[in-house]
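Here are my notes for your first read-through. Keep the sequence and the 3D view open as you go.

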Amino acid sequence: MRDEYNIRELNPRKNPYANRLKKQITINIDGGTIDYFKSLADAKGIPYQTLINLYLRDCADNHRQLQLSWQ
């Protein structure tokens, strides 16, 4: 390694994973819903927040539409 580097001579490049960075938010979710995802996550051996993120990403990638019917 060099003792000093000339920053101006370095070849900067963009982070190829920048579009996959996660953003921290606050969201209110029912306790029963959290318990459901926690039980699924325990069965699969992954963190529940990761499971929720995978589910939401799948919905976004496949342009799933919410179907509501009020009775």
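1. Where is asparagine 11 found? Asparagine 11 sits in the segment before α1. Please keep in mind that this is a predicted model. The relative accessible area of asparagine 11 is 70%. The cut-off for exposed is over 50%, so asparagine 11 is exposed. Now look for isoleucine 46. Asparagine 11 and isoleucine 46 are 35 residues apart in sequence. In space, their C-alpha atoms are 38 Å apart.

2. Stay in the segment before α1, where leucine 10 also lies. Is leucine 10 buried, partly exposed or exposed? Its relative accessibility is 46%, so leucine 10 counts as partly exposed. Leucine 10 also belongs to a nonpolar surface patch.

3. Arginine 20 is another residue of the segment before α1. Arginine 20 counts as exposed because its relative accessibility is 56%.

4. Next, the largest pocket. Its volume is about 780 Å³. How many residues line the largest pocket? The lining holds 21 residues. Those nearest the centre are Ile25, Gln49, Ile52, Asn53 and Leu56. Which element gives the most? That is α2, with 8 residues.

5. The residues of the lining of the largest pocket divide into 10 nonpolar, 7 polar and 4 charged.

6. Move to helix α1 and find lysine 38 there. Lysine 38 has 36% relative accessibility, so it counts as partly exposed. Compare its place with that of arginine 64. Lysine 38 and arginine 64 are 26 residues apart along the chain, with 23 Å between their C-alpha atoms.

7. How many salt bridges does the structure hold? The count is 1. Aspartate 58 forms this salt bridge with arginine 64. Their closest N and O atoms are 2.9 Å apart. Why can such a pair form? Side chains of opposite charge can pair when their charged atoms come close. Aspartate 58 counts as partly exposed, because its relative accessibility is 31%.

8. Now the segment after α2. Histidine 63 lies in this segment. Its phi angle is near 50°. That is a positive value in a residue other than glycine. Histidine 63 counts as exposed because its relative accessibility is 64%.

9. Glutamine 67 also lies in the segment after α2. Is glutamine 67 buried or exposed? At 75% relative accessibility, this glutamine counts as exposed.

Conventions:
Residues numbered from 1 in each chain as written. Predicted model: local features only at pLDDT ≥ 70, side-chain atom pairs only at ≥ 80, totals over all residues. Heavy atoms only, no water. 1 Å grid on protein atoms, 1.4 Å probe; cavity = no way out; pocket = protein on both sides within 12 Å on 5 of 7 lines; lining within 4 Å. Points joined across faces, edges and corners; volume = space filled by probe spheres on them. Helix = DSSP H or I, 4+ residues; strand = E, 2+ residues; numbered from the N terminus. Nonpolar A, V, L, I, M, F, W, Y, C, P; charged D, E, K, R; others polar. Buried < 20%, exposed > 50% of the residue type's maximum accessible area, 1.4 Å probe, protein only. Patch = residues over 30% accessible without salt bridge, like charges linked within 9 Å, V, L, I, M, F, W, Y side chains within 5 Å. Areas by Shrake-Rupley, 256 points an atom, 1.4 Å probe, with all protein chains shown as cover. Salt bridge = Lys/Arg side-chain N within 4 Å of Asp/Glu carboxyl O.
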